Amino acid sequence: MFSLYDSILKGGHVVDPANNVDGIFDVAINKGKIESVSDSLDGHGDTESFDVSGKIVMPGHIDSHAHLSTPGGDIDRSYGHRMLAESGTTTALDLAGNPSILCEGIKLRGAGLNVACIAGLQPAVTIPSEKPSRNVIRDLIYKLKDNGGIGVKMLGGYYPFSPETSSEIIQEANDQESWVAFHVGTKDSGSDITGLREVPQIIGRGRLHVAHVNSYTRGLTDTAEKEAEEAIKIISEIKNQVVSEVYLAQINGTNGLCDEDGNLVYNVARNCMVARKYSPDDNGLRKALFDGYGSAVIERDGRMILVSGSEAVEIWESNSTNQALSFPVNSPIANYKLVTAKNPQGDFVIDAISTDGGALPRNVAIERTMALVTFGALSISEAVKKLSCNPAEMLGLKDRGHFSQGAEADITIVDPSTGKACMSFVKGNVIMKDGKSVSQGGNWLILAEGEKIAKNSGIPYEIIDLSLSKLYR
Ligand SMILES: [Zn+2]
């Protein structure tokens, strides 16, 4: 039976800032692409119709910082596919994953998302040493792209390099036009505002994705508000060299690993203790978990959840302290400032709103952003810019982040009464309905170098071009 459209979303409040659309329209989809946005479109024959009246219809949420395949025994990040899909995300950048693990995760627990992956640099695990030569860095990035990754991330809060090595990694990634993200912090600084202060010097004239800016404004050296103001100033000054995002959950994600003397190994975890005056060791952490300040992240019913109190203590101990944990350390006031800050030209200083979730149960980017709309801090168009248009530009995804004719039909439908996503589509297929993941597999976003491995994997893939990304424009 002939049909002009495969499906039509009827009567929703369509918000498509790239095309200056903000009103009640129908959206027609054909062969996985946006066909038309217009008043009262009619289907023919077997056109599927979705009544989305009273709902917000936006280009799909593109999460520029998620976790779907980060190696390490503490949790299986592949549960993150379902969790992201259920919160309304349609595309995710796995920020510190492993392409092979990502592949397995897509096959086993994929939820129909578009996913790209960069690899975290962990000395002696993913990179030979703390002081790799330029050749080693070069080969590592080449190999990673062949394996389907799009770049690398420096994990300054966990495995800091020297400022010099950090610079070299950025330079090499830039030379190869590969993605390079930085959880700030080096041997000379911390995973806080002191680490962010080093960034202008470290990047020189290079390009960089500054990960989760909110993580450096938790009030460790000054008030969180003052630190947020300083962070905005720092990012503003290097605005044409960096892309950046903020996540709006109050909880962070870290790991409770202790050394044989009982001291917390990771800077991030130690900071969580210091923030509430617990000692940065096993005794302090045990108390923090028991008191309910910290929570353990565990799998239950196919999703990751938080547990606290004595249950959390038992889990942390039974995993010999190598346990994913979470603490409510992000400052809502700092986050508010970071999200809404604009430069004198009227552009947002921080490009996007991410989840830093996936397998961490904090996939609240959409609902927290919608709360800011209700509050009057962002217009609905601005919200959609930060959730979809800007991250599409960050990654150079030209056919996403808008509803122009021929764009990928990646769509997030939001219920304004709850602020939560209630339905979403990837390439015209429903991947989430009423908050439940209803799809499998995924669409692997790779660079041209990764085509061979992607083809062999059997997973549908799409080649992206980082020369189109905001990082390299
Ligand atoms: Zn992260």
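Predicted model: local features only at pLDDT ≥ 70, side-chain atom pairs only at ≥ 80, totals over all residues.
Figure 1. Residues are numbered from 1 along each chain as its sequence is written. The protein has 13 helices and 24 strands. Both are DSSP runs numbered from the N terminus: helices are H or I with at least four residues, strands are E with at least two. The radius of gyration is 21 Å, close to the 23 Å of the globule rule for 473 residues, so the protein is as compact as a globular protein of that length. That radius is taken over C-alpha atoms, and the rule is 2.2 Å times the number of residues to the power 0.38. Along its principal axes, the C-alpha trace spans about 70 × 50 × 45 Å.

**Figure 2. The largest nonpolar core.** A residue counts as buried if 20 or more other C-beta atoms lie within 10 Å of its own, as exposed if 12 or fewer do, and as partly exposed in between; C-beta atoms are placed from the backbone. By this count, 58% of the 473 residues are buried. A nonpolar core is a set of buried Ala, Val, Leu, Ile, Met, Phe, Trp, Tyr and Cys residues joined through C-beta atoms within 7 Å. The largest one holds 149 residues, of which Val 27, Val 115, Ala 231 and Leu 338 touch the most other members. Strand β8 (residues 111-121) gives the largest share of this core, eight residues. Two residues are in contact if their C-beta atoms, placed from the backbone, lie within 7 Å. Beyond its neighbours within four places in sequence, Ala 231 contacts Ile 193, Leu 196, Val 213, Tyr 216, Thr 217 and Leu 338.

**Figure 3. Strand β6 and its parallel partners.** Strand β6 (residues 61-67) is mostly covered, with seven of its seven residues buried. Two strands pair if DSSP finds at least two bridges between them. Four bridges join β6 to β7 (residues 89-97) in parallel. Here His 61 has Thr 89 as its bridge partner. Two bridges link β6 to β18 (residues 357-358), again in parallel. His 67 stands opposite Gly 358 there.

**Figure 4. An open sheet of four strands.** The order is β13-β16-β14-β15, with antiparallel pairing. β13 (254-255) and β15 (303-307) stand at the edges with a single partner strand each, so one side of each has no neighbour in the sheet. Two antiparallel bridges pair β13 with β16 (residues 324-326). Asn 255 stands opposite Ala 324 in β16. Helix α1 (residues 79-87) packs on the sheet and touches β14 (295-300) and β15; its direction makes about 85° with that of β15. Axes are lines fitted to C-alpha atoms, for helices over the stretch in contact, and angles run from 0 to 180 degrees between N-to-C directions.

**Figure 5. Helix α7 and its cover.** Seven of the nine residues of α7 (residues 267-275) are buried. They are Asn 267, Val 268, Ala 269, Arg 270, Asn 271, Cys 272 and Met 273. The cover over them includes β13 and α8 (282-290). Just after α7, Lys 277 takes a positive phi of about 65°.
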